[in-house]
Amino acid sequence: MKGQFVSRAACALCATLALFATAPASAQQKIKVGLMLPYSGTYAALGNAITNGFKLAINEAGGKFSGREIEYFSVDDESEPAKAPDNVNKLIKRDNVDVVVGTVHSGVAIAMAKAARDNNALLIIPNAGADEITGPMCAPNIFRTSFSNSQPARAMGKVAAEKGHKTAVTLTWKYAAGEQSTGGFKETFEKGGGKVVKEMTLPFPNVEFQPFLTEIASLKPDAVYVFFAGAGAVKFVKDYAAAGLKEKIPLYGPGFLTDGTLEAQGDAAQGLLTTLHYADALDNPKNNAFRAAYKAAYKTEPDVYAMQGYDAGQLLAAGLKAVNGDTSKRDALIKAMESTKIDSPRGPFALSKAHNPVQDFYLRKVDGKENKAIGVAIKDLSDPAVGCKM
Ligand code: PHB
């Protein structure tokens, strides 16, 4: 009787063990996605939009891959480079995630790329444009679905020179994104016959713009080019108009100056020209579907950050589908990700050898609550990827 019980119990155990032995180990576990983004501070709205866009794409792909569900782990990076190594290690070492997605701020992203290289962790960057990441720091396991900082800037420098402006002043936060952005503007503006007569900076995320506006008013350049984003962009555009400069000296920037910010900027932003790889009202089927789905899910309009997060989700989904959710097939996963053509709301794009989008940059004009494309400033622009050996 006792023996019979033992053998029946053992048999049940046998069956269970056999089941586990035949199913691939990975099928029993969730796929762990680490989101490292700013959820507080100047770039908080950007981090939230990226998160929303990413989750939308994963949900549209069915939310699971060969039975493996996605499990999210989140860290607020506060756009704080000094805290970045600890924050990214929480995801890579503590939570043992399969892929890290982040971030917005270039200084934080450089620390993340270093950690990804050191630990061979898969990293998808849905915004931060640090040129180094698809330059000397490029790696097979690092992808970017956004831009490199000099890309939109080079488009704007070209446009400003074509408009016949001869002199310009630049102003930005003093960190990689701002300096690479104003550098890209200077390169093409001067190539087109203009001259940057003064380059001004202030520390991130300061918004005491008054002394700089006073100096711009006295220098009287033909044009002003600035890199600001998030809450800083809202304040700069309002301060520029309030100082009476908007009607006197044209203000240009990469599209971050007016993206996700128009509600707060109101009249101060009307008519501003910027360049970016996205515009709100792009009339293509993917953008129309994306905007409708995003609005239905989150009751708010998407912006460039939501779109970049969405494409990060699409890129990961393409890779996971190719390996049937088996993240241990790392080489095949990477191969599928780097060779996929993303059907993006910005228009279809492929990745360069350095894993950065090769894409069109639109010239946009603020019209009401929209950044409307009024032309293409540069077609098929790839990032120079200087120093990338891959
Ligand atoms: C960056 O730090 O790379 C950055 C931040 C915000 C933007 C664009 C780039 O809107």
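Predicted model: local features only at pLDDT ≥ 70, side-chain atom pairs only at ≥ 80, totals over all residues.
Residues are numbered from 1 along each chain as its sequence is written, and side-chain values use heavy atoms, with hydrogens and water left out.

Biologist: What span should helix H5 have at 1.5 Å a residue?

Modeller: H5 covers residues 150–162. Helices are DSSP runs (H or I, at least four residues), numbered from the N terminus. The expected span is 1.5 Å times one less than the number of residues.

Biologist: How many of the 13 residues of H5 are buried?

Modeller: Buried means under 20% relative accessible area (1.4 Å probe, protein chains only). Pro-152 and Met-156 are among the buried residues. H5 is largely enclosed by the rest of the structure, because the buried residues number 11 of the 13.

Biologist: Which residue follows H5?

Modeller: The phi of this residue is positive, near 90°. The residue is Gly-164.

Biologist: Which side chain has an N or O atom 2.5 Å from an oxygen atom of the ligand?

Modeller: A polar contact is a pair of N or O atoms within 3.5 Å. For the side chain of Ser-106, the distance to a ligand oxygen is 2.6 Å. The 2.5 Å distance belongs to Tyr-175.

Biologist: What percentage of the ligand's accessible area does the protein cover?

Modeller: Accessible areas come from the Shrake-Rupley method with a 1.4 Å probe. On its own, the ligand has 280 Å². The protein covers 100%.

Key: Helix = DSSP H or I, 4+ residues; strand = E, 2+ residues; numbered from the N terminus. Buried < 20%, exposed > 50% of the residue type's maximum accessible area, 1.4 Å probe, protein only. Polar contact = N/O pair within 3.5 Å; in protein donor to acceptor, adjacent residues only side chain to side chain.
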